[in-house]
Amino acid sequence: MTGASHLRPEFVEFIPGRLEPGVLYISRRYATASHLCCCGCEREVVTPLNPAKWRITERAGKVSLAPSVGNWSFPCRSHYWINGNRIQWATAMAPEVIQAVQARDRRDAELCVPKQRGWISRVVDKMRGASSLLLSKLKSWWR
Ligand SMILES: [Zn+2]
């Protein structure tokens, strides 16, 4: 998937009717943020800012949006984090995983969870590879 790597935050009173790609519009007054889908499909992504939805953190002029943005309802189904103005792309998820994530409270989808999951699955894959190697060795020994 190709897409943008950065978003520029722009603090506004009103979210403009026409959004520029690559800009994250943030209206503190109306507690909402909006941007065009970072994959380039240019669909409008609206992220309400409240404890049950998303929150914006700002540090040294760089903004992070949590939890991740999952555009499951778009044809692109893009999924990414906005972290310090940077867009971190999540790997494409299987439909059943998307359903599980949707069913869960969005607040559970904290930044560190998918990273850990990726690390664990890599280890599991390695272990699988090692055990099948062992099995084939055992088999050849028995023959
Ligand atoms: Zn998209």
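Glu13 is partly exposed in this predicted model, and its relative accessible area is 38%. The side chain of Glu13 meets that of Arg29 in a salt bridge, with 2.2 Å from N to O. Glu13 lies in the loop between strand S1 (8-11) and S2, while Arg29 lies in the loop between strand S2 (23-27) and strand S3 (32-36), so the pair ties together parts that are 16 residues apart in sequence. Arg29 has a relative accessibility of 57%. Arg29 counts as exposed because this value is over the cut-off of 50%.

**Salt bridges**

The count of salt bridges comes to 3.

| Salt bridge | Closest N and O atoms |
|---|---|
| Glu10 and Arg8 | 3.0 Å |
| Glu58 and Arg28 | 3.2 Å |

Glu58 belongs to strand S5 (residues 55-59) and Arg28 to the loop between S2 and S3, so this pair ties together parts that are 30 residues apart in sequence. Glu58 is partly exposed, at a relative accessible area of 45%.

In the salt bridge between Glu10 and Arg8, Glu10 has a relative accessible area of 27% and is partly exposed. Arg8 is also partly exposed, with a relative accessible area of 47%.

**The zinc site**

Which residues coordinate the zinc ion? The donors are the SG atoms of Cys37, Cys39, Cys41 and Cys76, at 2.3 Å. Along the chain, these donors follow the spacing C-x1-C-x1-C-x34-C. Cys41 and Cys76 link distant parts of the chain, 35 residues apart. Cys41 lies in the loop between S3 and strand S4 (44-48), and Cys76 in the loop between strand S6 (62-70) and strand S7 (79-83).

Why is the arrangement around the zinc ion tetrahedral? The 4 donor atoms subtend angles of 106 to 113°. The arrangement counts as tetrahedral because all angles lie between 85 and 135 degrees.

Are Cys41 and Cys76 buried or partly exposed? Cys41 is partly exposed, with a relative accessible area of 30%. Cys76 has a relative accessibility of 24% and counts as partly exposed too. Neither is buried, because buried means under 20% relative accessible area.

Definitions and conventions: Residues numbered from 1 in each chain as written. Predicted model: local features only at pLDDT ≥ 70, side-chain atom pairs only at ≥ 80, totals over all residues. Heavy atoms only, no water. Salt bridge = Lys/Arg side-chain N within 4 Å of Asp/Glu carboxyl O. Buried < 20%, exposed > 50% of the residue type's maximum accessible area, 1.4 Å probe, protein only. Helix = DSSP H or I, 4+ residues; strand = E, 2+ residues; numbered from the N terminus. Donors = N, O, S within 2.8 Å, 3.2 Å for Na, K, Ca; no water. Tetrahedral: all angles 85-135°; square planar, octahedral: opposite > 155°, others 65-115°.
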